[in-house]
Amino acid sequence: MTTPATTQINKAGLSKNDYRGLPSTLCQGCGHNSIASQITTACYDLDIVPEEIMKFSGIGCSSKSPAYFLNRSFGFNGLHGRMSSLATGALFADTSLRAIGISGDGDTASIGMGGFKHMVRRNAPLVYIVENNGVYGLTKGQFSATAEEGLNLKHQGINQYMPVDICMEALASNATFVARSFAGDAKQVKELLKSALSHHGVAVLDIISPCVTFNNQENAFHSYTWGKDHEAPLHEISFIPALDEIELFGEFEEGTVREVKMHDGSTILLKKLEKDYDPTSRANAFQMLESAQLNNWLVTGLLYIDESKPTLTETFNLVETPLNRLADLDLRPARETIDKINSMMF
Amino acid sequence: MIEKVINNFSITIATVNGSGSQTANVTLLRALFKMGIPVSGKNLFPSNIQGLPTWYTIRVSKDGYIARRDEQEVVVTLNPASFGRDLASVQPGGAFFYADDIKLPIVRTDISVYPMPVKLMARDANVSPSLRDYIANMVYVGILAQMLGIEMETIQQALSFHFKGRTEAIDSNFNTIKAAAEWAAQNLKKSDPYSVARMDSTSDYVMADGNTAAALGAIYGGLQFAAWYPITPASTLAESLNVFLPQLRKTADGRQTYAVLQAEDELAAIGMAIGAGWGGLRSMTSTSGPGISLMAEYAGLAYFAEVPVVIWDVQRIGPSTGLPTRTAQGDLTEIFFLSHGDKQNIILLPGSVDECFEFGWKALDLAEHLQSPVFVLSDLDLGMNQWMTKPFKYPDTPLERGKVLWEADLEKLNGIWSRYKDSDGDGIPFRTVPGNKHSSAAWFGRGTGHDENARYTEDANTWESNMARLKNKYDTARTLVPRPIIKAAKGATIGIIAYSSTEPAVEEAIALLKKAGGPKPAFLRLRALPCTTEVHKFIKKFERIYIVEANRDGQLRQILSAVLPEHALKFHSICHSDGLPLTAGWVKDTILAQEEKI
């Protein structure tokens, strides 16, 4: 791709344009779009060559988004809840490549919980982003497993069950990188993405990404609450108002709690981790998540990191050449071995 | 004096599962094989680790027939729980050996009865108490050796193989066997007609099981990635990969050219295998029926996104959990149509252990050639039992990697290519794999509707033309899959079609039909779906086609009726499924009964 001389380029010799994807088909104002845009920026800033990244996703609104960034990267949009295994297998093709997986709260915390936790415990080297909005968007507004207890959704009623905390699940599965952010905090999302992309092993990034359309109740963790007077039955929704993505203006200081106003004037409480918070302690991370739950905070920042563990592919002692570039000669045992094999039979 | 029966009878050994009898049984089987006598062994074991009854049947056949028989001339029992059943199962005139600590009445007078001092001899053996039950099994090996004429030297060879040359284990077992043989020589007087004698009919063969062969075949096929989840009777296939890959596929400095991963379930196993296949690796998974059911959704994605992957199904009897340790051919229709939406799948049907090896590598070639899932249907009988088999043959064609474009190829094309375009008229498009650094290499794989450039589209015409191309690709597969083996007979009046592990029963049934003055059949052993032109020709030739299979519903008949509706009325099912391998007698009787109705 040629770039005009005036365009800014990074150390890989690429412009921001080289990292873009197709135009988004998600709702305007969806937090997922802002995340896609930060992935583009993070990869540009890190001088990553797009051809050296693989993108994966499951099924759902979130899982459509890999089409909206890094057009020059290989991508595979798999099955609902099954991206973890798809990516795990693909990681062996060429271990010099980096990988980004995009999932949602339904995809990860409901149908894909088992696979997610096993991918995490194997320390599969990929950035695993959960675009978490507490609701099923693509099937029009059912509860997800991360929806908070007591959430009232049109045509669904009141959620009776405790939510799944994705960061807690990742920690319990011995993740080596666990972070949470808010799609509206572009700066933090970008910085965490850069850390995650540089991490050695699995990096779980739970990003609260409000659903502008379906998770619309006041004081909901994942909401923009746009339509409290909107009475149309969910399956007949044909008009989605164009709203702006929620952004945090000004510096969001470490250690502070910040109220974020939603479209209808309701608020959520974001708590940024203290500057001296030690993310290398798993016990700290558990404690922080526990107290956040008690205080009704969404705690954001890098909760836990451990760079010392070998990644999944490292445990296999693979040859230097990418497996998918091995020659036939490397793959088929020599002719003389067959007699030995037959002599090993009775 | 009754006439001697040499090298032509069946032995059944009844023991308690978990007592270590498998070593003893396989030792007998291998010793007979080393005496040059055609032999087959079937392990009828329970789904349990310890305690339930288990049987092992060995057939010796001077004529080379290796199918299971219902009739048992020699029965050995160490199990009080199955004693009555075992006693009743002996053919009149046969021999019954039993552990003499079982104090149950012996009500038959038409057979020879031999008590065996199993407990006493095990106690006298110089082994630790924990090994006594195990060594007790060697008592019947020694007694049978003496009473049937099995050569001690071949028994020692079998033990040496089993214990991988470990002298202590070989000696302690062999000493018990010798002591038991001596005891039998002094204390038992032979009154039955059954014995064995050395032949020279097995020197061209080795003994192996289908799962080991499948794993080795895949390794010679350049397998690079396998993911699996434990399930009977498929586990030993993946475990064999773990045994042989390190021996055959490590570099001089000990690095691996492969990865095998035990997944958390079958959903993940196939997901991983498809991820690796998409990534450009020769990839497979192995499972049994319940695992196939779980894999259905991903199999559809691989079909539609056109990802190469090989899926072995070592069938057990279903539906549901069924009988996990019993065999059947019950997954054929499920796999043929596996996953939702329009499609038919490519299935290879190995009929012998050496064919498991051959299809092990061929399946990987076909999967990459066709960019498609390729299923291989084995079964418990073929996969887990020891069979006489021709030695494995080194692949006679180079690895087929299919239409993969690398940087240099794209350079030549000026970067212009389309992932899902039928450039060659065979329905098979080109693909690139991750790691290709050309700026036009990348594409976005998906299970959603896509155009020739792999972009999402809901366009009606695009959908339909893509589906038509996939059908065209399936027709290309028809020209590439293994052709059937046809045994034509001059003046044949009926056709028989069978597949996989039923071949020995069918071969023998044909001989039995001849003996009974029944119809003269030509025999086609199907080795793959879709059907090649040879299958059509064969079917056209005969008025009546008997389709023999080990399932209740006649699944191949269902499929052939669906794909060749004009011939559907010719097809007659010879199907039966009780968890055991089919017998020749049953096949012959059932064909004769159906012929009489016509």
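1. Two strands are said to pair here if DSSP finds at least two bridges between them, and strands (E, at least two residues) as well as helices (H or I, at least four residues) are DSSP runs numbered from the N terminus. In that sense strand S13 (residues 309-315) of chain B runs parallel to strand S15 (residues 373-379) of chain B, and 7 bridges join them; within this pair, B:Ile311 has B:Phe375 in S15(B) as its bridge partner.

2. A word on the basis of this note: this is a predicted model, in which local features need pLDDT of at least 70 and side-chain atom pairs count only at pLDDT 80 or more, while totals for chains, interfaces and linings use all residues. Residues are numbered from 1 along each chain as its sequence is written, chains are lettered from A and ligands numbered from 1 in the order in which they are written, and side-chain values use heavy atoms, with hydrogens and water left out.

3. Chain B holds an open sheet of 7 strands with mixed pairing, in the order S11-S10-S12-S13-S15-S14-S21. Strand S11 (259-262) and strand S21 (528-529) of chain B stand at its edges with a single partner strand each, so one side of each is left without a neighbour in the sheet.

4. Turning to the two chains together, the contact (heavy atoms within 4.5 Å) takes 76 residues from chain B and 56 residues from chain A. The area buried between them, meaning the accessible area (1.4 Å probe) lost on being put together and summed over both, is about 5800 Å², and carbon and sulfur atoms give 65% of this.

5. Across this interface the rule finds 3 salt bridges, each a side-chain nitrogen of Lys or Arg within 4 Å of a carboxyl oxygen of Asp or Glu. One of them joins the side chains of B:Glu407 and A:Arg325 (2.7 Å, N to O). On the side of chain B that touches chain A, helix H9 (residues 266-278) of chain B gives the largest share, 8 residues.

6. Pairing also crosses between the chains: strand S2 (residues 74-77) of chain A and strand S17 (residues 444-446) of chain B are parallel over 3 bridges, with A:Phe76 opposite B:Gly445.

Note on methods
Buried area is the accessible area (1.4 Å probe) that two parts lose on being put together, summed over both.
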